Amino acid sequence: MPFRFLHTADVHLDSPLATLALRESALAEMIGGATRKAFVAIIDLCLAEEVDALLIAGDLYDGEQTSMKTARFLADQLRRLDQAGVETFIIRGNHDAESRITRELTLPESVKVFAGRAEALTLSRNGLDVAVHGVSFAQKHAPESLLPKFRPPIRGSVNIGMLHTSLGGSPAHDRYAPCALSELHGTDFDYWALGHVHRRSVDIGKATIVMPGNPQGRDINEAGPKSATLVTIGDDRKITVDERLTSVAEFQRVAVDFSGVEEWREALARIERALLAARTGAPSEHLVARLALAGPTALAWRLRSDADKLDADARAIAAEIGRTWIDKVELDCAAPRAPAGAASGDPVAELHALMETEVSQSKAFQDSLRGIADELSRNLPFGSRDGVLGRDAEEFARILRAIAREGAEDVLARLRAADRDLAA
């Protein structure tokens with residue numbers, strides 16, 4: 001093959017676990033080292049596929065606080081490529097724009113880190129000339145498009161552009177170096193190696209445009225198997241792309257239908273079946289599952305009042321399956337409703353109905369809830385507010401409703417448990 005390269009982005013080496021609530025030290029250790037293992041998998045792929053180059057399209061590091069230990073690990077891995085004659089091209093994104101590590105660290109001569117001014121490097125392989133264009137973020141904010149900075153395509157060469165961009169925008173990512181797919185297709189470049197959005201996408205038209213996604217998910221919002229993109233440019237200059245698995249662990253939401261469950265043993269059996277099915281279908285070495293239990297069940301109140309036992313039993317099932325972990329157990333179960341018009345005679349059920357129809361809908365309750373949330377928000381570190389309380393008013397209101405509902409369900413479950421204990 002004339003020219004082959006591996007394209008990755010958003011490695012976020014040794015990034016801290018911001019949202020994963022870990023109770024098990026073994027799980028914390030496995031997830032904490034997953035970004036490194038995924039990067040090793042990337043290097044292994046480069047060597048196994050005998051590629052000519054590795055392209056890293058931004059956010060190799062997670063921020064300027066990156067340690068020298070992380071940097072030395074990176075240098076050691078890139079040295080493996082250097083010894084095999086593989087070139088490495090790196091651009092900085094919003095997370096690693098201000099990192100001083102790569103400026104202070106001595107990297108192999110085969111590693112090119114692009115600066116804030118666009119450059120183009122040409123290399124020849126098997127009679128094919130390839131020009132790699134790149135521009136890094138000069139600082140962590142890039143509100144304007146970086147496309148005007150790129151040099152024109154080099155005539156006679158296959159032109160590859162490296163760009164860290166939010167494209168037209170993504171709900172999960174901040175807007176950086178925005179541009180449209182149509183603009184990229186109009187540059188006369190052959191391939192665009194993008195980064196920033198953590199979900200893989202491929203757009204093939206006049207150019208081949210690939211957002212590879214991150215090679216290792218870090219929480220449930222980055223669910224599913226993660227990968228890098230292997231690119232082959234043939235003698236006829238035709239470009240083909242292949243997805244190659246890199247994630248050590250993958251996060252997955254696992255739904256479990258509890259409709260009609262009446263006994264604890266049956267509840268655990270349904271969890272086990274769902275986890276086995278998810279584990280069988282997960283290509284990554286480890287599965288980290290968030291269980292979503294839903295449906296009308298006579299166990300609804302007990303599941304809430306004995307939530308710690310449920311969590312422990314679910315984790316034990318996962319451990320028995322092997323290479324399977326529980327991130328969190330979410331409950332959305334309800335007790336079967338009494339027939340319409342029938343008097344329940346159950347004070348807890350009547351209180352539940354009252355809270356749903358009157359208390360939670362009242363303006364006084366909503367105002368009180370918002371006041372508590374506003375006070376909490378003021379006491380949170382600035383960078384944590386969006387993650388806890390949402391990015392806008394609508395999301396904030398939705399989160400408040402969910403918190404209120406969960407709190408009410410927990411209180412009612414404890415009342416139900418107290419009744420059960422008295423009856424026993």
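## A walk through the predicted fold

Strands here are DSSP runs of at least two residues (E), helices are DSSP runs of at least four (H or I), and both are numbered from the N terminus; two strands pair if DSSP finds at least two bridges between them. With three residues between them, E9 and E10 form a hairpin. Within this pair, Asp203 stands opposite Ile209 of E10.

Before going further, a word on the model: it is predicted, with local features needing pLDDT of at least 70 and side-chain atom pairs counting only at pLDDT 80 or more, while totals for chains, interfaces and linings use all residues. Residues are numbered from 1 along each chain as its sequence is written, and side-chain values use heavy atoms, leaving out hydrogens and water.

Now turn to the open sheet, where six strands follow the order E4-E3-E2-E1-E11-E12 with mixed pairing. The edges belong to strand E4 (111-113) and strand E12 (239-245); each has a single partner strand, so one side of each is left without a neighbour in the sheet. From one strand to the next, the twist averages 20°. Inside this sheet, strand E2 (residues 53-57) and strand E3 (residues 87-91) pair in the parallel sense over five bridges, and Leu54 has Thr88 as its bridge partner in E3. Helix H3 packs on the sheet and touches E2, E3 and E4, with its direction at about 140° to that of E3. For such angles, axes are lines fitted to C-alpha atoms (for helices, over the stretch in contact), and the angles run from 0 to 180 degrees between N-to-C directions.

Next comes a pair of helices. Two packed helices are described by the angle between their axes and the distance between the axes. Helix H6 (residues 264-281) and helix H8 (residues 307-321) pack at about 40°, their axes being 10 Å apart. That makes H6 oblique to H8, since angles under 35 degrees count as roughly parallel, over 145 as roughly antiparallel, 65 to 115 as roughly perpendicular and the rest as oblique.

Is Arg270 buried or exposed? At 18% relative accessibility, Arg270 counts as buried, because buried means under 20% relative accessible area, exposed over 50%, and partly exposed in between (1.4 Å probe, protein chains only). Leaving aside neighbours within four places in sequence, Arg270 is in contact with Val256, Asp257, Phe258, Ser259 and Val261. The C-alpha atoms of Arg270 and Val256 are separated by 6.8 Å, although the two residues are 14 apart along the chain.

Another buried residue is Ala300, at 5% relative accessibility, which lies in helix H7 (residues 300-305). Not counting residues up to four places away in sequence, Ala300 touches Cys333, Ala334 and Ala335. From Ala300 to Cys333 there are 33 residues in sequence and 5.4 Å in space, C-alpha to C-alpha.

Finally, consider the charged pairs. Side chains of opposite charge can pair when their charged atoms come close. A search of the whole structure finds 17 salt bridges (a side-chain nitrogen of Lys or Arg within 4 Å of a carboxyl oxygen of Asp or Glu). One of them joins Asp14 and Arg36 at 3.0 Å, N to O. This pair links distant parts of the chain, with Asp14 in the loop between strand E1 (3-8) and helix H1 (25-32) and Arg36 in helix H2 (residues 34-48), 22 residues apart. Asp14 is partly exposed at 28%, as is Arg36 at 21%.

In another salt bridge, the closest N and O atoms of Arg80 and Asp44 are 2.6 Å apart. Here helix H3 (residues 68-83) supplies Arg80 and helix H2 supplies Asp44, 36 residues apart.

A further salt bridge pairs Arg290 with Glu330 (3.5 Å, N to O). Arg290 sits in strand E14 (residues 286-296) and Glu330 in strand E15 (residues 324-334). Arg290 counts as buried at 12% relative accessibility, whereas Glu330 is partly exposed at 32%. Elsewhere, salt bridges that share partners join Arg4, Glu49 and Arg244 into one network.

Methods
Contact = heavy atoms within 4.5 Å.
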